[in-house]
Amino acid sequence: VGELQSNLSPHLLQQLLRAPPLNEADAPLVRQQLAQLAHERKLALPLPDAPEAMDAGKPVARLLLTQGRFRHVTMSRLHDEMALAVLYFDYPQGISVVGTERPSALMRLRTGGRWQTLQRDLEAEQEIRQVLPAAGLEHWQRCLGNYQRLDGTEDGLMPQQHDAVGWLAFLNEGVPELERQGIAVTFADDFPYCIAQAEDWFVAVEEGVGSDWFDLDLGVTVAGERLSLVPPLLRLLREQPDLLGVVRGLEDSQTFPVALDTRRILPVPAGRLKAWLLPLLEFLDEDRPRLSRHNAAVLAGLDELPTHWIGGEELRALGRRLVDFSGMAHYPPAPGFTATLRPYQQIGLDWLQFLREYGLAGILADDMGLGKTVQTLAHLHLEKASGRADRPSLVVATTSLMANWRDEAAQFTPGLKVLILHGKDRAELFGDIAGADLVLTTYPLLVRDRETLLAHDWHLLVMDEAQFIKNPKAQSHQVARKLKARHRLSLTGTPLENHLGELWAQFDFLMPGLLGTAKRFTHVYRTPIEKLGDEDMRVSLSERVRPFLLRRTKEQVLKDLPPRTEMVRWVEIEGGQRDLYESLRVAFDRKLRLVLTEQGVGRSQIMIFDALLKLRQICCDPRLVKLPAAEALVKKGHAHSAKLATLMEMLVELLDEGRKVLLFSQFTSMLGLIELELEKHGILYAKL
C-alpha cells in the first residue's frame, strides 16, 4: 500500500481501496488488468494467486458488413453512410467477441448462476486477423485519418480505397477469398453496397423525324430492368477527371465499378467501358448524348462487343461505310469535262460524290499542286450534268486565286456558267447570281456582301484556302457558317498549322457537332494530345475525322505524276500598285506612240524595252521602279506587292508540307526584297 501511495494519484488510490470484494470468476480478469497496470507504471505489485481460466476453444471468424457513422475531428463533418466491416470471433460456448486489435485474453461466461472465466485463443485470432489485409481490408483509423466513430468504438475495417471502387474490389475478390479460408461474411441491412449482375448490354438509337441528329443511350439490363449507364458515367466523369486514363490502364478482362444508384454497383468490363467511353467522351455533357449523323462512324466502334441494338439500322450501316469506305462507288467525270483525271484525282472525285450521297461534308487537303481545284470542278460539273445542282454553287477563295479559278473553270468545265463577284462594280452582277452555275468571291467580300450572299440558297459551298476561316471568332468564319448550302467542302493544303483548335474550327464550320463543343474538344483531345503527348487520343481523333478528311502528299501519288508539272498562278494587282501601273502604262503608251511616229520601230526599241521593263518591275514590286511616282508611293506606305504577298502565302503552305523550294527571279533586287520577308517570317534560306 505504501508503494501504491507513492506512485498512484490519491483519486485512483481511493477507488482501489473502495473496490468491492471480488468473486472467484472475476479474480483472473482483475489480476490480468492489475498486472497490465503495474507493467505500464513500472511497479512490482504483490498480486495474489487466482484460479486458472478455462480454455474457450477454437474461435470461428465472422465478418459483418455494415455501416458506421463518422465525424471529422477538425471539421466536425458528419458522414452517415460510410461502409464498414466488423470482425467477430464466435466461440463454442456461444460467446461472440469483437476482433479488436488489442484484445483481452480473458472473457466471462455465466452458467448455472455462477460466473466462469474463459481463456481466448489469441494466437488463432491473430492468425485470422493477418488474413484480412491480403483480402484488401485495413483498420478504419489507418484508412480515414482524422475521422472518429460517433459511437466511440474503434473496431471496424475498410478497404484502402473506401469508396465504391474499393468496396467493389473487396466484394468481388476479397469476400470469396475470405470464405475460402473459412471466414463467413454476412451483410447487414444498412450496408450501402451490393453487386448488380448484368444480364444484357444494349445500345439504343433514337432518330428524330426529318432531323440530322439522333439520341444515343448506352445501358444494361439488371433483374429484368433496363437501366441507362449515361447518368452514372456522367457522375464518374465529373468526380474523376482522369477516368479515361484509369480505364485505359486496365486489362480488358478487368472490371470497373459503376454505381447504378445509392446501393447497387455494376462491375463493367474495362474492354466494354473503353469501347463505349472513348468514342463518345466529348458527347457526355448532357443527360443523354445527342449526336449528328456525321458521327455515325462511332456506332461501328460500339458494335465490336456483344450488344443488343435498339433502332439505328441505317445509321449503323452508314457508320460501317464511313469506317472502311465500303460505300464508295466509281463516278467517272461527266461528258464535257475536258481534263483527264489522274488516278488519285479520280479517287478524290469518288470521295466527293460519296460525301454528297450521304449528305456529309469534308476537307480536301491534298498537297499544293496535286489539283484540288480540278477535282472540285469535276465534282461541280458532274453535279450539274446529273441535274442535282439546280441552284448555283459558291466558291470563296483568296483574291490571288480568283483568276486561277476563272481560268481553270473556262479550260476544264466550259459548260458551267461562271460569275465572278469581284471589283468595285460587282454589285451590278448581283442580279445574275441565280442564273449562274458557279459564283466566285473572296474572303473580304464575303463579309462585305453578306446580305446578298446569305439571301441565296447554294448547292455546294466551297472554301478554298480554308485556313482563312480557322478562327471561329473571325467575321469570315461567322458569315460562312450562316450561308445556306446543301453541301460544304473545304480546300486546304494545311488543315492544321498551329494547334488543334484550328482543326476543330474548320469542322465546326463544315459539320457542327462532329467534334463536340470547343470546350469539350479541348478537354478530351487538344490538352491530352498537345500538352501530354497522348498517342491514344491522337489516334482516336485521327479515326474520328478520317472519313471526312482526304489528304495525299506528293510522295504518296508520285507514280501518278509527270516528271514536272507547270502551273501558272495569276495574281491580280490592286490599290496603289494598280494605280501606279495604270498611270505609267498610259504615260508610256502616249510617249511611245509619239516616238514611233517620229523615229520608227527600229530606232525606238530601247525605249520600248525600258517601258516593258518598268511595267514588269511594278508587277513584281513598286519598290523596284526608280521613278518619282513609285518612290512617292513607297514613302506613303502604299507600295503593296500582290506577287510578294501571294509568294509568302505559297511558301508558308509548302514549308508546312515539309517541302524545299527553289525560287528564281530575273531581278536580283527582287530577291533582296524577298530576303527581307523571309527574315520577317523566320524562314531560313540560302542565296545564290
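1. In this predicted model, the rings of W167, F170, F187, F191 and Y193 come together as one aromatic cluster. By the ring-centre criterion, the count for the structure comes to 8 aromatic pairs. One of these aromatic pairs is formed by F70 and W140, whose rings are arranged edge-to-face, with 5.2 Å centre to centre and 65° between the planes. Since F70 belongs to strand β2 (residues 60-72) and W140 to helix α5 (residues 140-144), the pair ties together parts that are 70 residues apart in sequence. Both partners, F70 and W140, are buried.

2. A further aromatic pair, between F337 and F412, is tilted, with 6.5 Å centre to centre and 40° between the planes. F337 is found in the loop between α11 (313-324) and α12 (343-357), while F412 is part of helix α14 (residues 402-412), so this contact ties together parts that are 75 residues apart in sequence. With a relative accessible area of 10%, F337 is buried, and F412 is buried as well, at a relative accessible area of 16%.

3. An aromatic ring also takes part in a contact with a charged group: the charged end of R226 sits over the ring of F202, at 5.6 Å from the centre of that ring.

4. The buried residues of α25 are M670, L671, L673, I674, E675, E677 and L678, and what covers them includes α22 (605-620) and α24 (642-656). After α25 comes G682, which has a positive phi, near 70°.

5. Which residue forms a salt bridge with E677? The partner is K680, and the closest N and O atoms of the two are 3.2 Å apart. Both residues lie in helix α25, 3 residues apart, which is about one turn of the helix. An α-helix has 3.6 residues a turn, so residues three or four places apart point the same way. Elsewhere, salt bridges that share partners join D367, R551, E555 and R659 into one network.

6. Helix α22, already named among the elements that cover the buried residues of α25, holds both D610 and K614, which are 4 residues apart, about one turn of the helix. These two residues form a salt bridge in which the closest N and O atoms are 2.8 Å apart. D610 is partly exposed, with a relative accessible area of 32%, while K614 is buried, with a relative accessible area of 15%.

7. The structure holds 27 salt bridges, and one of them joins the side chains of E543 and R546 at 3.6 Å, N to O. Here E543 counts as partly exposed at 43% relative accessibility, and R546 likewise counts as partly exposed, at 31%.

8. How many disulfides does a search of the whole structure find? The search finds 0 disulfides. A disulfide is a covalent bond between the sulfur atoms of two cysteines. For C620, the closest cysteine sulfur is that of C619, and the 7.1 Å between the two sulfur atoms is too far for a bond. C620 is buried, with a relative accessible area of 11%, whereas C194 counts as partly exposed, at 29% relative accessibility.

9. A last point concerns R321, which has its place in helix α11 and, at 32% relative accessibility, counts as partly exposed. R321 and A296 are 25 residues apart along the chain, and their C-alpha atoms are separated by 9.4 Å.

How values were computed. Residues numbered from 1 in each chain as written. Predicted model: local features only at pLDDT ≥ 70, side-chain atom pairs only at ≥ 80, totals over all residues. Heavy atoms only, no water. Phe/Tyr/Trp six-rings, centres within 6.5 Å; stacked < 30°, edge-to-face > 60°. Helix = DSSP H or I, 4+ residues; strand = E, 2+ residues; numbered from the N terminus. Buried < 20%, exposed > 50% of the residue type's maximum accessible area, 1.4 Å probe, protein only. Lys NZ or Arg CZ within 6 Å of the ring centre and 35° of its normal. Contact = heavy atoms within 4.5 Å. Disulfide = S-S within 2.5 Å. Salt bridge = Lys/Arg side-chain N within 4 Å of Asp/Glu carboxyl O.
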